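These are my notebook entries on one structure.

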Amino acid sequence: MIKSLQARQAPLADTGYQLTVLSEAEAAGARLPAFAGKLRETGLFPLRPTRLQIMQINVGRMCNQVCKHCHVDAGPDRTEIMTRETMQLCLDALAQTDIELVDLTGGAPEMNPDFRWLVEQISALGRRTIVRCNLTIIVANKKYHDLPEFFARHHVQVVSSLPHFSAGRTDAQRGDGVFEKSIRALKMLNAVGYGQEGSGLSLDLVYNPSGAFMPGSQQSLEREFKQRLGREHGIVFNNLLTITNLPVSRFLDYLLESGNYESYMEKLVAAYNPVAAENVMCRTTLSIGWDGQLYDCDFNQQLDLLVAGTAPKHIRDFDEALLQNRAIVVNQHCYGCTAGAGSSCGGATT
Amino acid sequence: MSTYYDPADLAKFGNISQWQPEMGNKFFAYYAEVFKDGALTEREKALIALAVAHAVQCPYCIDAYTTDSLQKGADEAQMMEAVHVAAAIKGGAALVHGVQMMNKAKELSM
């Protein structure tokens with residue numbers, strides 16, 4: 001298993017250095033123009049929120065996997081996790097709003113000891129929960145084996161990464177043996193009703209390209225995944241969400257190490273889609289870090305780019321009106337969400 | 001220019017419309033239509049294109065359709081099998097002419 005950038009004391013573990021690398025690309029000239037300028041050309045700068053619909057909480061960077069493309073630099077060696085006190089502040093803020101959906105991410109969110117408590121509290125407030133489950137956590141340890149039943153009890157929407165229907169391409173990105181464990185976990189989720197027609201239990205898979213290329217058509221890939229996973233493993237699921245890898249943290253490290261950085265950025269810039277730019281998820285999302293700090297999205301969070309201007313910087317000071325007036329912080333990595341069919345935590349945006 | 005093929009030229013393919021817009025635009029519209037999901041999936045079409053790219057030995061096309069095959073969800077085994085299909089047809093195309101050679105040799109021989 002590889003180590004996190006932080007454990008390796010790699011230069012890119014420093015978010016300031018990541019931003020320097022990204023801004024150097026900006027200086028490379030017309031081929032990699034500034035993202036803010038691109039938004040301005042299409043009348044979207046400064047980028048403003050529309051309606052706050054999703055509260056995305058990153059409950060910690062601890063994870064049982066160390067994926068090569070992880071923008072969080074998560075892994076077993078990361079110890080930053082959200083406390084129950086900070087979770088309570090998130091719940092207090094949630095109760096003041098009409099937000100219908102709470103999106104729990106990490107790391108492996110289930111590794112936070114207060115994860116189940118948080119899900120129960122969200123349910124009690126009558127809001128829906130999405131959990132970004134890496135699948136292997138379900139089979140990693142006996143104490144997690146009942147997660148499918150727990151999710152079902154609270155009608156949690158499960159969104160799980162599976163970058164390919166073949167073991168080779170999945171393991172290349174997520175680590176040796178991950179595909180086989182993921183298949184076992186998917187069967188456990190299917191067994192309690194997830195992905196089954198009429199069950200009301202939603203199971204979506206996330207496709208991240210396992211390399212320096214963009215995802216293909218979401219619809220077409222979904223059909224392929226359904227055929228192959230159904231035929232070869234008897235697995236069913238609801239939707240496939242295609243997500244473009246953004247040049248942040250370990251994926252940025254991979255791009256630089258493999259010599260693909262510049263050509264990948266050029267591809268993203270060339271594929272800039274104004275319609276996708278209009279639909280970026282940061283316009284409807286509030287992202288909360290493990291320590292309660294506020295960000296426009298989980299990528300900005302991992303780059304330490306806090307919400308700007310007079311907007312509150314911590315969930316304890318939550319103020320929806322002030323947040324809605326903010327200008328969203330953008331940088332070169334944002335090209336990942338506006339390329340081609342667009343990309344968000346909910347998949348393609350056009 | 002130091003070589004006949006420059007990888008940077010691939011991104012300039014669209015420029016061919018500058019000198020003949022009508023034909024160029026029609027070609028690219030047709031091209032886009034061909035590669036859409038239809039009776040064949042986008043992935044299957046990308047793999048056919050990858051095989052043809054090898055058969056016509058076009059470096060631009062190999063670059064483009066290796067990327068495209070990966071984007072459309074193909075894996076390494078599928079891509080290599082597509083190249084073997086091209087190799088089999090190219091090799092077979094050479095070998096099947098052996099029949100013509102045999103015919104001619106027989107015609108000329110006692």
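**Strands of chain A**

I began with strand 1 (residues 54–58) of chain A, which runs parallel to strand 2 of chain A and is joined to it by 5 bridges. Strands here are DSSP runs of E with at least two residues, helices are runs of H or I with at least four, and both are numbered from the N terminus. Two strands pair if DSSP finds at least two bridges between them. I noted that A:Ile54 has A:Leu101 in strand 2 of chain A as its bridge partner.

The model is predicted: local features need pLDDT of at least 70, side-chain atom pairs count only at pLDDT 80 or more, and totals for chains, interfaces and linings use all residues. Residues are numbered from 1 along each chain as its sequence is written, and chains are lettered from A and ligands numbered from 1 in the order in which they are written.

Next I followed strand 2 of chain A to strand 3 (residues 128–133) of chain A; 4 bridges join them, and they run parallel. A:Val102 has A:Thr129 in strand 3 of chain A as its bridge partner.

I then asked why strand 2 of chain A is largely enclosed by the rest of the structure. The reason is that 4 of its 5 residues (101–105) are buried, meaning that 20 or more other C-beta atoms, placed from the backbone, lie within 10 Å of a residue's own.

**One residue**

I found A:Ala311 in the loop between helix 13 (298–302) and helix 14 (320–324) of chain A. A:Ala311 is buried, with 22 other C-beta atoms within 10 Å. Its C-alpha atom is separated by 4.9 Å from that of A:Leu323, 12 residues apart along the chain.

**Chains A and B**

Last, I looked up the contact (C-beta atoms, placed from the backbone, within 7 Å). Chain A gives 15 residues and chain B gives 11 residues.

Notes
Two residues are in contact if their C-beta atoms, placed from the backbone, lie within 7 Å. A residue is buried if 20 or more other C-beta atoms lie within 10 Å of its own, exposed if 12 or fewer, and partly exposed in between; C-beta atoms are placed from the backbone.
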